[in-house]
Amino acid sequence: MIALVAPFPLFPEQASTIAPQTDALFIFLSVVTGGMSLLIFLTIFYLAVVYRRRPDNELAQEEEAPHSLEIAWIIVPFIFFMSCFVWGSWLYFKISRIPDNPLEVYATGKQWMWKFQHPTGQREINTLHVPVNRPIKITMASEDVIHSLFFPYFRVKADVLPNRYRTMWFQATKTGRFHIFCAEYCGTSHSGMVGWVDVMEPTDYQKWLAGGSEGSLASQGEKLFQKLACNTCHTEDTTGRGPILKGLYGSRVTLSDNSEVTADENYIRESILNPQAKLVRGFGPIMPTFQGQVSEDELLKLLAYVKSLNVAPALSRREPAGEPVPHTPAKETKR
Amino acid sequence: MTSVTYHDVRLMEPAQTRNYLNVDYGFFSWLLTRDHKRIAILYMISVSIMFILGGFFAMMMRLELLTPEGDLLTSDTYNKFFTLHGIVMIFFFLIPSIPAILGNFILPIQLGAKDLAFPRINLLSWYLYIIGAVIGLYVIIVGGVDTGWTFYTPFSTQYSNTHVFGTTFGAFIVGFSSILTGLNFIVTVHRMRAPGLTWFRLPLFVWAIYATSLVQLLATPVLAITLVMLMVERIAGVGIFDPALGGDPLLYQHMFWFYSHPAVYIMILPAMGVASEVVAAFTRKKIFGYKFVAFSSLAIAFLGFLVWAHHMFVAGISVYSAMIFSFLSMFVAVPSAIKVFNWTATLYKGSVSWQTPMLYILGFIGLFTIGGVTGIFLASLGIDVHVTDTYFVVAHFHYIMVGGAVMAYFAGLHYWWPKISGRMYPEWWARLGALLVFVGFNLTFFPQFILGYVGMPRRYHAYAPEFQVLNVMSTAGASVLAVGYFLPLVYLLWSLRFGRKAGPNPWGAVGLEWTTSSPPPKENFHETPVVTWDAYDYPAMLKAMGETQNV
Amino acid sequence: MSAIETHEREHHPFLQHHFEDMGQQHEASTLGMWMFLSTEILFFGGLFLAYAVYRNMYEAAWIEGAHHQNLVLGTVNTAVLITSSLTMALAVYFSQWGRRIATFFCLVATFILGSVFLIIKAVEYHAHFEEGLLPGAYFTYHSALAPKVELFMTFYFCMTGLHALHMVIGAGLLIYFMRRAWRGDFGPEYYSPVEIMGLYWHFVDIVWIFLFPLLYLIGRHA
């Protein structure tokens, strides 16, 4: 996934049409400024050694370096800076101008997840499936605070604002999975607001659009549980912001008004779609509703997963790295 | 070549005079003082405490970042720590440090004046600083704030559950400390120069502080009113910056950065002033291109007001305004470059000493150069789209603020320590400290340039596993840096009691401050000096020093 | 200039010891006040800028908000404040001539006029509250543009409130100066405190000259 020269990444992968262009300007800047800096350092070191203070050099000589140097080192850096401006602006124009016939995607940022919607109806959370070699135009807004959609291997980012649509675009040049990061601080789980772009061959992309699934209902539910970021609040221990789900199904639950209910199928379903209806005692009303985001099929998968948590040992929690997560397309989303 | 040697002036016995430290005793003689030198000491103590506090937050952050998971601190706590690190370091350490400590102490003496123009306002400035700091400490104790030092809306106004009002109020108060200090310095430089001290005979430190003061005076009020509007929105629930109620979050950003960009020049200009002083003293040479360096300070101050939206290139401003700000940002790099080249050229045929202040300043020049050129990266629009909001920016500003401003502050502290305290610090321990700071700093922050370019965003509590090695390197460097900062705290305090007593001019430097005793008398000079020589005119000054009574 | 022995020469009772002479002290204080006023320009300026941005975005609501201001009271206040600047200028003039009683009474007149301004302002604020125009929890005004009118009113209260705060501070300072004037502190060699008080007062007046048309007079042309 990442070309590792050293045991850690020194340079990010190039996965978009813009990436090599950004890198070219970066390398130009690095070479010129690095060279200029090195020259300055060596000059300083040389002068500080050659003219160091010794008993026979207690006082400086009155001769100075030629003053025409002053003009030279104003003009030359200025020309260099202007070239950076021109090149940088040219690149910026390319990043800003959306090519013709892009594939459209809609993105919403909200604390603390990315929701992507394809025009054909697929909804994804924290994952974005796109075809390779095709310009992708993302139209986006935030549901709450300012976020920033960042694709480091595509070298593009743009802030996502509340109440205002913005657009950005990229064209991926190789298949694979690449990071999505939120790049504008947005609260508690800002660093958890991450995901993956899954760039696929056009035929695979078509297949994905059409649907496909694998695994048991519960394991699909587990993948969905992680994909929907439920695990960020419903952790396996008591540090989470939501109640522990292991052993929940079928147990008695005390609510915030001190009444008791049994955690059956309907309770679990309602807790996903209308979390404020029955608040568990000791927890705040912070769970967002997934109404409209999970289809009935998906609710079933989640239910199966939660039920499976009563069985010990629990299913493996960690999704193996590098494995693409197939998305079961929503058949009928309830509004 | 003059025939006078420096040994005559350098090793003179310290006179047994009353000085500003022992002329009065008692708690209230300090807390109600109007002496700019004592006020500088008051600032030194309070600012140092805040530096340690800000450093504590940094240490916790770097410890957390040893591992990719967020396992040391909760997310909320980490977010509060990076917010408080920024607020404490910027408002309570960097902005006051050189101006309020070294500027307060040295500026009047370099002007040949008895005090600043408004001594009582100077004391008020310190009290405003303390009130702001106490409010800040209170906020930290009752739970902190987690908005980032930038307080972007609508997160800070509508979504944060932390003490936003308290923090912004504390910042508001401490802003007035900064404004009044700037006001005082400007009037002092204009109206209280000694006879014969024309503008182009001023030390470059004075030019730098003067330029800084202009920025403090004119930029800080804009932050003040922005914070007022933020506080109003937070309290009254109105929508000045909230898009849901018709407000514009980008207006907040424009107004915030209109101050906060010039603020970074408040932080670096005084450092550049110290650099000029130290380079001149430790090469025993007039700074090359004196007038260019003097005017470059003014140019930086002016141009600094024109570039604020380079913090907003991906925020949603138009492509055309982005281009304008990128263009102007390139301009502000030119006067900084002039300074670096001129300091370098001063070394030519000088008498270059490798004593501690010079070591810090040589480090400053190198690290400031790196920080400055990475600013060009950020000003280049196409690159900025990729690296903004990543660790590349974090590395850039730490190179300037820590590798630059803090190292220059330490240089100035060591350079003027004999004047302030009447004692010399232990030279070899000091050199060790400088070395540790330099090495530790680079190990901490250079990996962050790489981290930023490979994509690690800033303000991240947990990060992708492949970023770990670089983060571990950074934390290792931070530990070395911490030791490097701890050493001066120990030996400078030690020197107050056990350090070798200093004469009036231990460095053999040129400047009015070196013509009076160490420490100076309360009124700075026993007789008002009359200046007939140019700045850093070593041959002429030596002759004049032989005639003065100020020892 | 020759060397000065600080403790032996005769000097003016109000010469502060870090200054060489009264001339330097006067020039420093005046420059200091001008510098302070420049910060005030930037301080109010931020509000004016934000006001202008939103006026551009929500012009109709701004006009509606302006129409809810009391034009009579605003005009009276403007006249009151301009007159107070006259009395303040006269106070400076008389202090330069050392005319103790005249200085005192001009300062008193300035204070009274300033207080009249503040009282009228309080009346206006109360009226706004009664009409439900106080932004925040007590905003009960209804119209098609009500949310943006609330934003206008936020600016109205912030701008006039900040101005009123400066007036209150000015009034307090005037009391201090009335005492000193009565004591006979001021004369031809030492009048700069009154002069810089005058600068401050004129500045506060000028801010109002800007506030009045921006908040009261929009969209009121025939």
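Two residues are in contact if their C-beta atoms, placed from the backbone, lie within 7 Å.

## Model and numbering

This is a predicted model, in which local features need pLDDT of at least 70 and side-chain atom pairs count only at pLDDT 80 or more, while totals for chains, interfaces and linings use all residues. Residues are numbered from 1 along each chain as its sequence is written, and chains are lettered from A and ligands numbered from 1 in the order in which they are written.

## The nonpolar core

The largest nonpolar core has 329 residues. Such a core is a set of buried Ala, Val, Leu, Ile, Met, Phe, Trp, Tyr and Cys residues joined through C-beta atoms within 7 Å; buried residues have 20 or more other C-beta atoms within 10 Å of their own. Domain 1 (103-210) and domain 2 (217-308) of chain A each give this core at least three residues; the domain bounds come from an automatic or database domain assignment.

Ala275(B), Ile361(B) and Phe364(B) have the most contacts inside the core. Beyond its neighbours within four places in sequence, Ala275(B) is in contact with Trp343(B), Ile361(B), Phe364(B), Ile365(B) and Ala408(B).

## Chain B against chain A

Contacts between these chains involve 77 residues of chain B and 77 residues of chain A. On the chain B side, α11(B) supplies the largest share, 14 residues; helices are DSSP runs (H or I, at least four residues), strands are runs of E (at least two), and both are numbered from the N terminus. This side divides into 49 nonpolar, 21 polar and 7 charged residues. Here Ala, Val, Leu, Ile, Met, Phe, Trp, Tyr, Cys and Pro count as nonpolar, Asp, Glu, Lys and Arg as charged, and the others, Gly among them, as polar.

## A sheet in chain A

In chain A, 5 strands form an open, mixed sheet in the order β4-β10-β9-β6-β7. Its edge strands, β4 (127-131) and β7 (156-160), each pair on one side only; pairing requires that DSSP finds at least two bridges between two strands.

β4(A) runs parallel to β10 (residues 195-200) of chain A, and 5 bridges join them. Val130(A) has Val199(A) as its bridge partner in β10(A).

Technical notes:
A residue is buried if 20 or more other C-beta atoms lie within 10 Å of its own, exposed if 12 or fewer, and partly exposed in between; C-beta atoms are placed from the backbone.
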